[in-house]
Amino acid sequence: MTGADDPAEAFEVPTGVEAVTCPECGRPFVDEEVLALHRGRAHAEGLSGEPRAAFERALEAEETWLRRFRLKALGGLVLLYFALLTLYALV
Amino acid sequence: MSGPRGRPSARRLAPAIGALLAALAAVPPASAHGGGLGAAARSSLTIPTWLVVLTGGAAVGASFLLASFVTDYALIRAIDGWRARLPDPGRVAVLLGRLVGLGGLGVVLLVGVIDPGPGTNLAVLLVWVGWWAGYTGSVYLVGNTWPVLNPWRTLAGLLPSLDRAYPERLGAWPAVVALLALVWVEVASPVASDAALLATLVAAYTLLTLAGAAVLGAEAWFAHVDPVARVFRAYGRVAPVAREGGRLRLRLPGAGLTGEAGGAADVAFVVALLWVTTFDGLVATPAWRRFAGLAVGAGLPPAVLYPLGLVAGLVAFLGVYRGAARWARRTAGTYRSAEALAVVFAPSLLAIAAGYHLAHYLGYFLTLAPALATAATRPLVGLTSAPTLALPPWFEFVGMAAVLAGHLLAIWVAHARAYELFPGRRQAVRSQYPLVGVMVFYTLTSLWIIAQPEVPVPYT
């Protein structure tokens, strides 16, 4: 999945937008937080100092978002289940 | 709920194999009631069709929510990367496979030339029941054996080749066009029941394929142009057994659906495969019959109805899929191009196509397998009666389950691809919203088609 010819590696940054780019591989990202996650996950080796700390912070934010998403997903599942149960009871 | 695919398609049966089923309907009720599957299912089932369809859509949505609970990069990689080594098939097995392929081709041509007369015969049953229904199933359920079995590849290997370079800019487009053409012939001509016509078309295909392989070299021809080889390669990516790195390996179903580098044309081929599989079922529904009647009534020549329908449907399917990929860029928050997302997520559609193929053809295959076996013992005569298997009424749920299983696998594959592609888990989850929306919509559509009563295909 690497190489310039790979269509899966094609990027399009909208004109007039300044993307944050990875200093290691040059890939553009929408914000610092995603960049921090990318550096922490794709270039973990030798990551230290501020990038390391940024990765930790981004991970924490991500975990918070995921926790909330899981709650919503669980709520969605329960809702779906009871909606169908009710439908089957009525029909 | 009526007209399950457990009952073989009226179109394929027409008129030859249809006689077999008519004979089946005449046997005493105890053994026949599976044959009149539609009627039996209608009386035993009290759940309305729309609710079954809705439940299927809900199951796909729910499975997305469930998959989103798996958020560990390492775990997802481990599941997708699991492999076990299998013993390599010996040279004898490969040789045997090649002989079986050549033998099959020989039988189809020979029976067609002899033309055994009225009724059905070995050539028709072998191609549609044995090969297109049964063998294709084995490709996505077990593994792609077509590179060995493919009789045209075996023949092309014996012929000299000019080895001209394949024009790379054409990509998979010739295969896309050829796939649509094949399905057009299959749907709109009596090739599904006429052994002589079938043999003529197979002979024409043989000449074309051997000529193409002689110009481009067998390797390039079967890799780029030949639609049949490409279809089996695509289905084989769903299968648990595959040759990876020169060795035979066991993997989890769908683990081969990683983003093999491709371009717009490869995406189009995958979408085309999904579309033609759907189209195959769609043309036998009353809704298509009404639509075709309206279109022809409004002045559309019947001859262009099917080619136009095939192309228009592919454009619509591609439009929806590419639209979902563009939308996923926004929901995920990524600068990867829409094209990149389309390429990465396209293979997950193959699981859906396989599930739909199984739903469409498993009952057909099981019902007519005994007829195929009988024909094999009497290859040179037309059969007006042959044994068929009566399927129990609950069998239609196997079809529904196959559609659902294909979608569930696709949900997982897309989920795993998202984690491969995006550094952020929030991105990975959010990238799935449009795709899951499209998948739920497609589940509803295909379950609805499966639940339709089958009618003869109009204007053919």
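Chain B contains 21 helices and three strands, and the model from which these elements are read is a predicted one. Of the 460 residues of chain B, 49% count as buried, and among the contacts in this chain between residues at least 6 apart in sequence, 84% join residues at least 24 apart.

The strands of chain B form an open sheet in the order β1-β3-β2, with antiparallel pairing. At its edges lie β1 and β2 of chain B, each of which pairs on one side only, and from one strand to the next the twist averages 45 degrees. Between β2(B) and β3(B) the antiparallel pairing runs over four bridges, and E244(B) is found opposite R247(B), a residue of β3(B).

| β1 (chain B) | 83-85 |
| β2 (chain B) | 241-244 |

Among the helices, α11 (residues 173-188) and α14 (residues 227-236) of chain B pack with their axes 9 Å apart and at an angle of about 100 degrees. Because angles of 65 to 115 degrees count as roughly perpendicular, α11(B) and α14(B) are described as roughly perpendicular to each other. On the α11(B) side the contact involves A175(B), A178(B), L179(B) and L182(B), which meet P227(B), R230(B) and V231(B) of α14(B). By residue class, this contact of α11(B) with α14(B) comprises six nonpolar residues, one charged residue and no polar ones.

Terms used. Residues numbered from 1 in each chain as written. Chains lettered and ligands numbered in written order. Predicted model: local features only at pLDDT ≥ 70, side-chain atom pairs only at ≥ 80, totals over all residues. Pairing = 2+ DSSP bridges. Helix = DSSP H or I, 4+ residues; strand = E, 2+ residues; numbered from the N terminus. Axes fitted to C-alpha atoms, helices over the stretch in contact; angles between N-to-C directions. Parallel < 35°, antiparallel > 145°, perpendicular 65-115°, else oblique. Contact = placed C-beta atoms within 7 Å. Nonpolar A, V, L, I, M, F, W, Y, C, P; charged D, E, K, R; others polar. Buried ≥ 20, exposed ≤ 12 C-beta atoms within 10 Å, placed from the backbone.
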